[in-house]
Amino acid sequence: MPAYSMLYPANTKTRTAISLDGMWKFAIDWNEEGESSGWASGIPGSDTIPVPASFQDFYTDKDTREFTGDVWYEDDITIPGWMEGQDVFLRFSAATHRATVYINGEKAGEHEGGFLPFLVDITDKARYGEENRITVKVNNELTETNIPCGRTIRLRNGRKMSKPYFDFYNYSGLQRSVHLLSIPPRSIEDIDLRYEISGNDASVLYSVRTKGDGDIRLTLIDADGDTAAEAEGKDGTMIVRDAHLWQVRNAYLYTLRITLSEDGKLLDTYEMPIGIRTVRIEGEDILINGSPVYLKGFGKHEDSDIVGRGFSIGVMKRDFELMKWIGANSFRTSHYPYDEEIYRMADREGFLIIDEVPAVGLFESLVNFLDAGTGKGASSFFAKETTPLLLKAHINAVDEMIARDKNHPSVIAWSLLNEPESKDEHSVPYFTKVFNAARRLDPEKRPCTFAMEVSSGPDTCRCYHLCDFIELNRYYGWYIKGGYEISDAEDAFREEMERWKERKLDKPFIFTEYGGDTLSSEHKLPSVMWSQEYQDEVLEMQHRIFDSYGFVKGEQIWNFADFQTTEGLMRVNGNKKGVFTRQRQPKDAAFLLKKRWESLPLDYKG
Ligand code: CKU
């Protein structure tokens, strides 16, 4: 368990989580003077901006949208007098890519990495019963020492510019919720859970960590509000008779109540939804509760109009409705861990999640994602002077991701890198350390994997032996032999699959990316690339390949919806591989997928 608490900010009898979402004061540090000019005590100007949201797409001038450097947020909040004596924190669900937090002008904490939560302890700095000024400096520069990787350049006019090594816009700011938390000084800090199923019964194996001592009691409450099991002590097992299992697209959630008390006096209580289910890989099968499943779904992004990568509860709802409509059962959180609400929704709706750490762009090339798609480029990304720093940041993100997401029944696997350089000998020790960390940190020991681009093939990749199942990102018929050459693309695709087959890996394969760009405005008969007709042709060809191999146990098309990228010759105002438009309306391919996915049984090829 990590030495910090990643528990979701819940309100209970003993704890309070107050949302600080809303309009915050906002200033861009154009002249890199914020620190020296004392902005920590008060930021200049009178602009205000919504939290949560990316700052980029509100404004009408390009220098602001493309701004690279520090942006400052400020909010004056009253911290209630009754919180005095409690442990008091500011909880940021994310600050992209790094943040320094001040209270009343004094530095209170900082965090590196843009997609996971962090707590800032303000217990001793807060003024209780009074107004307090919260100031946050957020920096969005990309480097090769943190994930996702990229560079920051300086234009001749003095402006900095982000050069991502990845194919999504470098949205940033306070993109997720902020809370004020009060927690009792002796409290529940964390819990690990594992499940075993035998016949109709289940065992819930648990281990609770607390701050300070006390008597621990656990109560498992079923969906009708009845007690299903109880236990006492820090570590133990709850036996659940006639357990309701959490099943794919048929979720059943229990509430787990944990209490910490002393001499019958309640010190702290925490409640969380949990689902009883097991995940296992056996030979070429992915087993949920012992039964084989075939994954159908998407690589997604957190991306929508106006708020950018800012969490939008409305967009989340729409996305789940579309995924249900189309017959999907899973998605990958490409290319970073998503907002916690999305996992809670997946827990309720019975979706399976491959949870991905933001390790994208670990590939030596200027137009990284493009060269990755065609198999060009690539040298030794993991033999640089800076590699140890990158590895440290990477493992730290894996640690935080697993700490945050380990208790979601929806999370069935950890995707530890996306399309890294994996042909070079230096990748082997790097990957091994990342995989070892994940395996050590996850109490449930879920399968671990990474997404492989085409140059990481059966004869070239040196790291796939580390994977419990193989994730392939393949664009035959798009980046490779697109258009009228599609018949050759199909041959080349089949040849690659035959070589994988010869390896006899005895592991499941999931296609975590496939598809092609399509403009929702374009129709053409006969097809041309970018038309809706061609998207259907590519998918039909790619599906034929998937159907020919028994070890292919899932397909997650790239992408759920069109999304924003950096501008450039290869992108027409964003990546257009969406099955839905950015406004979440279907392209023709959505109907093709609906027909296919509704007809494929859950245990297809099982
Ligand atoms: C996607 C092998 C291609 C890598 N993949 C990564 C993803 O982030 C991109 O958006 C390719 C694409 O559409 O090119």
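Start your tour by selecting Asp339, which caps the N-terminal end of helix α3: one of its side-chain oxygens lies 2.9 Å from the backbone nitrogen of Glu341. Helices here are DSSP runs of H or I with at least four residues, strands are runs of E with at least two, and both are numbered from the N terminus.

Before you go on, know that this is a predicted model, in which local features need pLDDT of at least 70 and side-chain atom pairs count only at pLDDT 80 or more, while totals for chains, interfaces and linings use all residues. Residues are numbered from 1 along each chain as its sequence is written, and side-chain values use heavy atoms, with hydrogens and water left out.

**Stop 1: helix α3**

Now select residues 340-349, the whole of α3. How many of its 10 residues are buried? Seven are, so the helix is mostly covered, where buried means under 20% relative accessible area, exposed means over 50% and partly exposed lies in between (1.4 Å probe, protein chains only). Colour Glu340, Ile342, Tyr343, Met345, Ala346, Asp347 and Glu349 to see the buried ones. In general, an α-helix has 3.6 residues a turn, so residues three or four places apart point the same way.

What do the buried residues of α3 pack against? Show β5 (87-92), α2 (313-326), β24 (330-332), β25 (352-356), α5 (387-405) and β26 (411-418); contact means heavy atoms within 4.5 Å. Just after the helix, click on Gly350, which takes a positive phi of about 75°.

**Stop 2: the domains**

Next, colour the chain by domain: domain 1 is 16-183, domain 2 is 187-277 and domain 3 is 291-599. These bounds come from an automatic or database domain assignment. The centres of domain 1 and domain 3, taken over C-alpha atoms, are 30 Å apart. In their contact, 29 residues come from domain 1 and 45 residues from domain 3.

Between domain 1 and domain 3, about 3,100 Å² is buried, with carbon and sulfur atoms giving 58% of that area. Buried area is the accessible area (1.4 Å probe) that two parts lose on being put together, summed over both. Five salt bridges cross this interface, a salt bridge being a side-chain nitrogen of Lys or Arg within 4 Å of a carboxyl oxygen of Asp or Glu. Select Glu144 and Lys384 to see a salt bridge with N to O at 2.7 Å.

**Stop 3: salt bridges along the chain**

The structure holds 52 salt bridges. Side chains of opposite charge can pair when their charged atoms come close.

Pick Glu32 and Arg154, whose side chains meet in a salt bridge (3.3 Å, N to O). Glu32 is in the loop between β2 (22-28) and β3 (48-51) and Arg154 is in strand β10 (residues 150-154), so this pair ties together parts that are 122 residues apart in sequence.

Move on to Lys577 and Asp517, where the closest N and O atoms of the salt bridge are 2.7 Å apart. Lys577 sits in the loop between β30 (552-558) and α9 (588-599) and Asp517 in the loop between β29 (509-513) and α8 (532-548), so the pair ties together parts 60 residues apart in sequence. Are these two partners buried or exposed? Lys577 counts as buried at 1% relative accessibility, and Asp517 counts as buried at 2%.

**Stop 4: Thr512**

Select Thr512 in strand β29. Thr512 counts as buried, at 0% relative accessibility. Its side chain makes a polar contact of 2.7 Å with the side chain of Asn473. A polar contact is a pair of N or O atoms within 3.5 Å; within protein, one must be able to donate a hydrogen and the other to accept it, and residues adjacent in sequence count only if both atoms are side-chain atoms. Leaving aside neighbours within four places in sequence, Thr512 is in contact with residues including Arg332, Ile354 and Gln556.

**Stop 5: Glu444**

Finish at Glu444, in the loop between α6 (427-441) and β27 (448-452). Glu444 is buried, with a relative accessible area of 17%. Which side chains does Glu444 join through polar contacts? Show Arg277 at 2.8 Å and Arg446 at 2.7 Å. Leaving aside neighbours within four places in sequence, Glu444 is in contact with Leu193, Arg194, Tyr195, Arg277 and Lys406.
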